[in-house]
Amino acid sequence: LLPEDAELRPGEHVQVAMAVRENGEIVRPPKPSSLAPFALVHFWVGERGAARISPSAPRLVYSQPRGTVNGQTAAERILLDFLPIGVEIGKGQTTVVVRVRGANASGTTILDVWQPTYLVDVPSGDYQVELELVGPSGQPLTEPFARANRTITVNRDAPVEPRDGGA
């Protein structure tokens, strides 16, 4: 959650924990009325002040992809997943705009279903992956956590580390 030598700064914080499958996919509830397999904790470090973060405000928690994707096979199908909190994703409701930008490829898509999706056939290079909540009117939501982005690196030529089979 923090770099090894860093400390959590005094002030207001929100921590989200979610259940994730071995492949990195977020566990989704079996039906919309089920409890979601995540927890959100709103807390303070040090002296409590005036709350500036609303735990119930719409937000995106970016999960995948992250870091470096190594090998041809991995670059063919890269998991893109996120957790929407405080908002329903759907047609005529809030959607998620996904923008991927890099020197070797770029694209934009709109997701109106909360499900894992994939970046397909990604060339080697660095990519900025940005997710943004957009309201039914087509305007981006203005809440502080309604947008998330990360830089990933795809290295098709890198050797892939074998998984420990437990043998």
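Which residues is Arg28 in contact with, leaving aside its neighbours within four places in sequence?

## Arg28 and its surroundings

Leaving aside neighbours within four places in sequence, Arg28 is in contact with Pro37, Asp81, Phe82, Trp114, Gln115 and Pro116, where contact means heavy atoms within 4.5 Å. This is a predicted model, in which local features need pLDDT of at least 70 and side-chain atom pairs count only at pLDDT 80 or more, while totals for chains, interfaces and linings use all residues. Residues are numbered from 1 along each chain as its sequence is written, and side-chain values use heavy atoms, with hydrogens and water left out.

Arg28 is placed in the loop between β1 (11-18) and β2 (38-45); strands (E, at least two residues) and helices (H or I, at least four residues) are DSSP runs, numbered from the N terminus. Arg28 counts as buried because its relative accessibility is 17%. Buried means under 20% relative accessible area, exposed means over 50%, and partly exposed lies in between (1.4 Å probe, protein chains only). The side chains of Arg28 and Asp81 are joined by a polar contact of 2.4 Å. A polar atom of the Arg28 side chain also lies 3.4 Å from the backbone oxygen of Trp114. A polar contact is a pair of N or O atoms within 3.5 Å; within protein, one must be able to donate a hydrogen and the other to accept it, and residues adjacent in sequence count only if both atoms are side-chain atoms.

## Two open sheets

Strands of a sheet pair through backbone hydrogen bonds, either parallel or antiparallel. Five strands form an open sheet in the order β4-β10-β9-β6-β7, with mixed pairing; two strands pair if DSSP finds at least two bridges between them. β4 (67-70) and β7 (106-111) stand at the edges with a single partner strand each, so one side of each is left without a neighbour in the sheet. Neighbouring strands of this sheet are turned by 20° against each other on average, direction ignored; axes are lines fitted to C-alpha atoms, for helices over the stretch in contact, and angles run from 0 to 180 degrees between N-to-C directions. β6 and β7 run antiparallel and are joined by six bridges. Val97 stands opposite Ile110 in β7.

Three strands form an open sheet in the order β3-β5-β8, and here the pairing is antiparallel. β3 and β8 are at the edges, each with a single partner strand, so one side of each lacks a neighbour in the sheet. The twist from one strand to the next averages 30°. Four bridges join the antiparallel strands β5 and β8, and Ile78 stands opposite Leu119 in β8.

In soluble globular proteins, nonpolar side chains tend to be buried together. The largest nonpolar core has 23 residues, and those with the most contacts inside it are Leu80, Phe82, Val96, Val98, Leu131, Leu133 and Val154. At least two residues of this core come from each of β3 (59-64), β5 (77-85), β6, β9 and β10. β9 supplies the largest share, four residues. A nonpolar core is a set of buried Ala, Val, Leu, Ile, Met, Phe, Trp, Tyr and Cys residues joined through side-chain atoms within 4.5 Å.

Phe82, beyond its neighbours within four places in sequence, is in contact with residues including Ile26, Arg28, Leu60, Val96, Trp114 and Leu131.

## Salt bridges

A salt bridge is a side-chain nitrogen of Lys or Arg within 4 Å of a carboxyl oxygen of Asp or Glu, and by this rule the count comes to nine. Arg99 forms a salt bridge with Glu130, the closest N and O atoms being 2.8 Å apart. This pair links distant parts of the chain, with Arg99 in strand β6 (residues 95-102) and Glu130 in strand β9 (residues 125-134), 31 residues apart. Both Arg99 and Glu130 are buried. Arg99, Arg101, Glu130, Glu132 and Arg147 are linked in a network of salt bridges.

Glu132, a member of this network, lies in strand β9 and counts as buried at 6% relative accessibility. A polar contact of 3.0 Å joins the side chains of Glu132 and Arg147. Elsewhere, the side chains of Arg21 and Glu25 meet in a salt bridge (3.8 Å, N to O). Arg21 is partly exposed, with a relative accessible area of 43%, whereas Glu25 counts as buried at 17% relative accessibility.
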